[in-house]
Amino acid sequence: MISLVYMATKSSRQKGPGLTRGEKAASKDELEKQLLDTVKRYELIFKATNDVLYDLDMLEGTVIWNEALYSQYGYGKNEDVSTLEWWTSHIHPDDALRLEHELSNWFEGGHDTWQAEYRFRKADGSYIYVRDRGVVHRAEDGTPLRIIGSFLDITQQKQLDRAKTEFISLVSHQLRTPLTVIRINSEMLNGGLLGTLSAEQETYAKEISEASSRLIKLVSDILNISRVELGHIIAKPVPTNVNKRLQACIKEVSPLAQKRGVTITYQPDNTVKRVSVDTTIFDEVVHNLLTNAIRYTKSQGGIVDVSFLRTAEGYMLTVADNGIGIPKSAQPNIFGRFYRANNTANIKEHGTGLGLYLVKLMVEAAGGKVWFESAKEKGTTFFVLFPEEII
Ligand code: ADP
């Protein structure tokens, strides 16, 4: 094959320096034919699918849709669907803000493809879930000129996912009460409240209490995740004294820090007074980041530094440790569901791999962003940016 291409190129080169007038006319005809073929192919592709396809001109803000927009979503041909405003006005209001954030992150990232999931309104007023995927054509300086993409209707898949998540949510909720009973009773046994235990009995009671605590943490993480995924956790910010709140969170984890020989430092910024925050989200995020910073630390001399500052983009929470760090190879997966990096192997830390997944879900539910910087054996810093108007 390669040699055939080579021969074809070579023989065309051997023809001589220029084209004759006849050859020029022929090549012009050939070009026109190729162009018409391409246009025809483009038209046929637009017609051949039941998925809605679009061609968005980013500079003009105009959109060309294929037939499926009319046949699948019920819009009449007399409706003016040719503007970006028409498109955005058909996105579900509850998805609009999230989508705006995703879009601005995407713009900053300079990616070649675009993907998002959201609800889109049909002509009868009902909403369907679409997976919107597009490829981007950019100018030489990187400015996006157009996006060509498609909407895949994923409503059924979403309904199934929702039913599954509702089931998980129900089961976790039901599991919590009996698990708490097991933990409390084993702690009572352990604490000698039900009589003196032999050394062997004490060991078993301790194991029961530790295992039930881990199970409760797992079940409550799963419950929280299912709540966010079901859209039951919607950020409800209330004016809060964040410094006090952070101090309370630090106090809560201080027994664990003492056990690990870790010092937590926090210098409240007195210019930050009352900030509008969703306290459930705030506490959960801080708790998870703090316990990780304490757990994934060196055996002695661990320091965890917490700060909460006002920045140009919003409020920034940082939790920095001087612990074991996250290996480079694990960094892209760190926010994944059930993901645990191999840095935990030597320190034998129990965990679920759900903490950071939950942090990301919750921060994004509040319209924020979370990321980290880490170096192996040096430490890790997690950054959480909450947009001022939302948190
Ligand atoms: P878990 O801690 O229950 O395993 P997380 O989702 O909270 O789950 O964290 C995922 C993984 O990320 C952890 O297993 C650990 O490998 C790594 N990790 C998280 N925080 C830190 C940290 N501060 N320092 C080093 N590794 C961390």
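In the predicted model, the axes of α9 and α10 come within 10 Å and cross at roughly 150 degrees, where axes are lines fitted to C-alpha atoms over the stretch in contact and angles run from 0 to 180 degrees between N-to-C directions. The two helices, α9 and α10, are therefore roughly antiparallel to each other, a term applied to angles over 145 degrees. Their crossing is left-handed, the near helix being turned anticlockwise from the far one by less than a right angle. Helices are DSSP runs of H or I with at least four residues, and strands are runs of E with at least two.

The ligand is surrounded by 21 residues, each with a heavy atom within 4 Å of it; the closest are Tyr 296, Arg 340, Asn 343, Thr 352 and Leu 356. At least two residues of this shell are supplied by each of α9 (279-295), α10 (355-365) and β12 (379-386), and the largest share, three residues, comes from α9.

An N or O atom in the side chain of Asp 321 lies 2.9 Å from a nitrogen atom of the ligand. The protein buries 98% of the 530 Å² that the ligand exposes when taken alone, as computed by the Shrake-Rupley method with a 1.4 Å probe.

Residues are numbered from 1 along each chain as its sequence is written. Local features of this predicted model need pLDDT of at least 70, side-chain atom pairs count only at pLDDT 80 or more, and totals for chains, interfaces and linings use all residues, while side-chain values use heavy atoms, with hydrogens and water left out.

Terms used:
A polar contact is a pair of N or O atoms within 3.5 Å; within protein, one must be able to donate a hydrogen and the other to accept it, and residues adjacent in sequence count only if both atoms are side-chain atoms. Angles under 35 degrees count as roughly parallel, over 145 as roughly antiparallel, 65 to 115 as roughly perpendicular and the rest as oblique.
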